[in-house]
Each structure stands twice: as structure tokens, then as C-alpha cells.
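Thanks for coming, everyone. Let me put the structure up first, and then we'll walk through it.

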Amino acid sequence: MNVAQNIVAGLDRILTMELARVTERAAVAAARLRGRGDEKAADQVAVDAMRQELNRLAIKGTVVIGEGERDEAPMLYIGEEVGTGKGPAVDIALDPLEGTTICAKNLPNALAVIAIAEKGSLLFAPDVYMDKIAIGPGYAEGVIDIDAPAAENIASLARAKGVAVSEITTCILDRPRHARLIEAVRATGAAIRLIGDGDVAGIIHTTDPEETGIDIYLGTGGAPEGVLAAAALRCTGGQMQGRLLLDTPEKIARAAKMGISDPKRIYHAEDMARGDVLFAATGVTDGNMLAGVKFGRTTITTHTIVLRSSSRTVREIKARHQDLDKF
């Protein structure tokens with residue numbers, strides 16, 4: 001390995017740990033407003049904290065999955081440049097508070113989430129719905145098929161796992177649009193974990209069924225959240241397929257402006273997040289995988305996972321912060 005390669009590898013390792021600080025800051029800021037019933041305020045303080053920490057990183061970062069459009073300056077908008085400008089050029093997908101309603105109601109699984117990849121490696125997805133299916137690592141390709149009925153996918157997964165269908169648990173967003181899907185899954189005998197919000201967390205939970213109890217994710221949710229989830233699955237070896245729901249001429253035209261020429265294309269995780277990907281998530285509220293922020297009299301405790309695709313490394317960081325002024 002030459003000197004240049006050593007420099008890049010070292011920088012990557014540094015960024016892996018630096019991302020934890022980014023999501024920690026956003027999570028702590030949002031957690032101060034848990035259960036207060038103000039979604040916008042919680043989201044805004046998380047955005048402000050994440051932006052401040054991102055601008056300390058030695059990167060030339062461009063937000064490709066963000067909180068708003070270019071004219072919404074208070075948010076981390078799509079196209080915003082972050083970082084010191086003195087490091088590698090990277091794409092950034094982020095959600096400073098994934099599950100704003102969850103945080104406002106102090107319900108489980110609110111997260112601060114970010115993914116970083118090499119420039120041009122993250123899908124520039126429009127803010128539309130995406131049909132999604134995802135499972136965790138350890139299965140051969142072809143176990144799931146986004147075009148197959150839910151019953152077929154669940155039966156296929158059960159065979160691959162070596163269990164009865166009744167031992168499979170499916171995660172689905174609790175939305176009226178999923179009524180038929182829920183009915184179809186229940187008809188198989190499989191269990192369902194309904195979630196009110198936060199399908200990034202729902203998809204990530206498939207990566208560790210023994211811990212979370214979730215084997216497969218099905219249903220439609222936001223396309224930007226799909227890219228974030230795909231980044232996490234790239235790091236853990238899980239499988240995901242997604243198709244943008246471009247069901248109006250306006251949506252098709254908007255997607256075309258973002259470089260999407262085939263409205264019916266099926267995207268796999270590696271299509272949405274290519275190359276070397278770094279991902280971090282910090283719990284805001286207690287959840288299946290991550291504990292929420294804990295405020296003590298003299299300390300703040302955070303729980304974070306940091307993932308990297310090239311090494312398939314999963315780092316779990318439980319940090320006790322004693323310098324409270326940094327928040």
C-alpha cells in the first residue's frame with residue numbers, strides 16, 4: 001500500500017468515528033424536547049446541531065438526501081455544502097430526527113441518522129414514496145422479490161431461515177394504504193410489528209432479528225428514507241429492493257430532473273448506496289436496537305451504532321459525556 005492509500009484509509013477510519021459525534025449531537029438536542037408535542041421544534045434543534053457538527057468535519061460534503069429544498073435555508077437542504085472543504089468530496093444522506101412524531105410523543109425508535117459515501121455514490125432520490133422490501137444478512141440472493149406477493153416473500157424467507165411461517169415477524173408502517181398488505185400478511189400466519197413512524201429504523205431492525213424480533217420489512221415509505229436504510233444494509237450485508245412510486249406526470253418530470261430516466265426501475269441496496277459507505281445512528285428515544293439519550297445530573301449518555309460497508313464493521317458506542325458544555 002502506498003502513502004496515498006494509507007492517507008485515504010486513515011482518513012476513512014477517522015470519519016467513521018467522527019460520524020458518531022455528528023449523530024450524538026443531533027440526538028441530544030432532539031432528546032431535550034422528547035414528549036413536548038412540538039415536532040417542528042425538535043426537528044429544528046436536531047438540524048442545527050447536526051449542521052454545526054458536520055461543518056467541523058474535514059470533508060467537501062454535499063447533502064443529496066436532506067430535510068428540504070434549496071430555498072429552505074434553516075433546514076439541511078438538498079444541495080447544501082457542508083464540512084471544512086479541505087477533505088474528500090462526499091455525498092451525504094441524513095435525517096437529523098428520524099421519527100419527529102415519535103420524539104414529540106416520546107415513543108420508541110426515534111433516531112438521528114447519517115450516511116456518507118464517495119461523491120456520486122448515493123441515489124439522488126426525489127421526495128416521493130418508495131415501495132420497499134428488506135431482510136437482514138445471511139441469505140442467498142433471490143430470497144425476496146419486490147414484485148412477488150407478500151405471502152410468497154414470507155414463505156421464501158421462512159424456508160431460507162428454516163422455520164415455520166408463523167415464526168416470521170414482518171415490520172410494516174401503520175398506514176391506511178397498507179390495509180390490504182396487513183391483511184395479506186396476517187392471512188399467512190406470520191406476525192406483524194406495526195410502527196407509527198420511522199421506517200429507517202424498521203428496515204435496519206431486519207439486520208438483527210434476534211435482538212429486534214423483526215425478520216422482514218414490507219410496504220411503502222419515503223424514498224429519501226429508503227436511501228438511508230439502503231446505506232445501512234450495505235454495511236451489514238442485508239438485502240433491499242425499492243421502486244419509486246412515480247404515479248403522476250409531475251413526479252415523473254421531477255424525477256427526470258434528478259437523473260432518473262426509468263420510472264419503473266427496481267433499485268437494490270447497492271444501487272442506492274454504492275462504493276464505500278459509512279453510516280451512523282444514535283438513539284433519541286429508547287428502541288429495539290438503541291437506547292435513547294439519558295440525562296443525568298452530571299453526565300449525558302448516548303448509544304450509537306457506526307457501520308462501514310468496506311469492512312462490514314459494526315461498532316456499538318455507549319458514551320458517557322461529562323463535558324456538557326459541548327452540547
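Two housekeeping points. This is a predicted model, so local features need pLDDT of at least 70 and side-chain atom pairs count only at pLDDT 80 or more, while totals for chains, interfaces and linings use all residues. Residues are numbered from 1 along each chain as its sequence is written, and side-chain values use heavy atoms, with hydrogens and water left out.

Start with the annotations. UniProt, in an unreviewed entry, lists Asp43 and Glu67 under "binding site". They are spread over 25 residues of sequence, yet they cluster in space, with a largest C-alpha distance of 9.4 Å. Both Asp43 and Glu67 are in the lining of the largest pocket. A word on terms: UniProt positions are in the numbering used here, feature names are shortened, and annotations may be inferred rather than shown by experiment. A pocket is found on a 1 Å grid over the protein atoms alone: an open set of points where a 1.4 Å probe fits, with protein on both sides within 12 Å along at least five of seven lines. Lining residues have an atom within 4 Å of a point.

Where does Asp43 lie? In helix α2, residues 39-54. Helices are DSSP runs of H or I, at least four residues, strands are runs of E, at least two, and both are numbered from the N terminus. Is Asp43 buried or exposed? Asp43 is buried, because its relative accessible area is 12% and buried means under 20% (exposed is over 50%, partly exposed in between, with a 1.4 Å probe and protein chains only). Leaving aside neighbours within four places in sequence, Asp43 is in contact (heavy atoms within 4.5 Å) with Glu67, Met75, Leu97 and Thr100. Glu67 sits in the loop between β1 (60-65) and β2 (81-82). At 22%, Glu67 counts as partly exposed.

The unreviewed UniProt entry places it at residues including Thr100, Arg175, Pro176, Arg177 and Asp197. From this set, the lining of the largest pocket includes Thr100, Arg175, Arg177 and Asp197, among others.

Look at Arg175. It is in the loop between β6 (169-173) and α5 (179-188). Arg175 is partly exposed, at 24% relative accessibility. The Arg175 side chain reaches the backbone oxygen of Gly196 at 2.6 Å. Beyond its neighbours within four places in sequence, Arg175 is in contact with Ile195, Gly196 and Asp197. Pro176 lies in the loop between β6 and α5 too. Pro176 counts as exposed, at 77%.

On to the sheet. It is open, with 6 strands in the order β7-β6-β8-β5-β9-β10 and mixed pairing. Strands pair if DSSP finds at least two bridges between them. The edges are β7 (191-195) and β10 (267-268), each pairing on one side only. Strands β9 (239-244) and β10 run antiparallel, joined by 2 bridges. Gly242 has Tyr267 in β10 as its bridge partner.

Helix α5 lies across β6, β7 and β8, at about 155° to β7. Axes are lines fitted to C-alpha atoms, for helices over the stretch in contact, and angles run from 0 to 180 degrees between N-to-C directions.

Last, Ile203, in helix α6 (199-204). Ile203 counts as buried, at 0% relative accessibility. Setting aside neighbours within four places in sequence, its contacts include Lys132, Ala134, Tyr217 and Met240.

Terms used:
Polar contact = N/O pair within 3.5 Å; in protein donor to acceptor, adjacent residues only side chain to side chain.
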